[in-house]
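Let's take a friendly walk through a protein structure together. Please keep the sequence and the picture side by side as you read.

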Amino acid sequence: VKSLPSYIKDSNHALEIFHNFNFSDDNKIIFTMDITSLYAVIRNNEGLLALKYFFNQRPIKKPSSGTLLRLAELVFTLNCFSFGANYYKQIDGVAMGTKIGPSYANLFVGFIENKFFLKYHGPNPDLYKRFIDDSVGATSSNREELNLFINSDNSIHPALKYTWEISENSLALLDIKLSINDNGLSTGE
């Protein structure tokens, strides 16, 4: 997960990223994007494909990718729970609270992002980072170019649907108020 280009570890890491950012031009726009119901929409077969891709990128392959994939598959396919007097088996998606859940969701979205950035040939934001299902960006592009980016990103995978907010002043991400300040970003917590 840490090797993903968009990776944000936590609020402190985000603050560091924001404080080191500078816009590349006079246009200054910030935006956030949030994936709706991420954990529930990850199909097991697609999630395992994403894991396989990243497991095969590891320099040290012990335990083997096949072993790790089988263990992950068991976590996702043997997830049973009770609600009231009834018992259920979750057949797709990731159960909230599963220890592997955040990393799995992060890698799945990272896998889709990789595909997106390989196919997308429009203007990219100057900054694009993500904390699991919450993305944040800053761009010197105009609003029309930013809308092209967001709409293209929103259509790359049928299960991933985003809500977004665009501002030329300030907006919130996690527990941070992010504002445009001169040629950079300022934060208020």
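A residue is called buried when its relative accessible area is under 20%, exposed when it is over 50%, and partly exposed in between (1.4 Å probe, protein chains only). With a relative accessible area of 46%, S37 is therefore partly exposed. Before going further, note that this is a predicted model, in which local features need pLDDT of at least 70 and side-chain atom pairs count only at pLDDT 80 or more, while totals for chains, interfaces and linings use all residues. Residues are numbered from 1 along each chain as its sequence is written, and side-chain values use heavy atoms, with hydrogens and water left out.

Stay with S37 for a moment. Most residues other than glycine have a negative phi, and most peptide bonds are trans. S37 is not a glycine, yet it has a positive phi of about 55°. You will find S37 in the loop between β1 (29-35) and α2. The names of helices and strands come from DSSP runs (H or I of at least four residues for helices, E of at least two for strands), numbered from the N terminus. L174, in the loop between β7 and β8, also has a positive phi, near 55°. At 38% relative accessibility, L174 counts as partly exposed. Then there is a cis peptide bond, which joins K62 and P63 with omega at about 0°. P63 sits in the loop between α3 and α4.

Now for the strands. Strands of a sheet pair through backbone hydrogen bonds, either parallel or antiparallel. Here, two strands are said to pair if DSSP finds at least two bridges between them. In which order do the three strands of the open sheet stand? The order is β7-β8-β9, and the pairing is antiparallel. β7 (170-173) and β9 (184-188) are at the edges with a single partner strand each, so one side of each has no neighbour in the sheet. Neighbouring strands are turned by 30° against each other on average, direction ignored. Four bridges hold the antiparallel pair of β7 and β8 (residues 176-181), and L173 has I176 as its bridge partner in β8.

Helix α1 (residues 11-19) lies across β7, β8 and β9, running at about 0° to β8. Such angles run from 0 to 180 degrees between N-to-C directions, and the axes are lines fitted to C-alpha atoms, for helices over the stretch in contact. The C-alpha atoms of D10 and F131 are 7.2 Å apart in space, although the two residues are 121 apart in sequence.

F131 leads us to another pair of strands. β4 (residues 127-131) and β5 (residues 134-139) run antiparallel and are joined by five bridges; K129, for instance, has V136 as its bridge partner in β5. These strands form a hairpin with two residues between them, and I132 in the turn has a positive phi of about 55°.

The axes of α3 (residues 44-55) and α5 (residues 101-119) come within 9 Å and cross at roughly 80°. The helices are therefore roughly perpendicular to each other (angles under 35 degrees count as roughly parallel, over 145 as roughly antiparallel, 65 to 115 as roughly perpendicular and the rest as oblique). Residues in contact, meaning heavy atoms within 4.5 Å, include L48 and L51 of α3 and L107 and F111 of α5.

Finally, turn to charges. Side chains of opposite charge can pair when their charged atoms come close. A salt bridge here is a side-chain nitrogen of Lys or Arg within 4 Å of a carboxyl oxygen of Asp or Glu. How many salt bridges does a search of the whole structure find? The search finds four. In one of them, D92 and R43 meet at 2.9 Å, N to O. D92 lies in the loop between β3 (86-89) and α5, and R43 in the loop between α2 (38-41) and α3, so the pair ties together parts that are 49 residues apart in sequence. R70 and E73 form another salt bridge, at 3.1 Å, N to O. Both lie in helix α4 (residues 65-77), three residues apart, about one turn of the helix.
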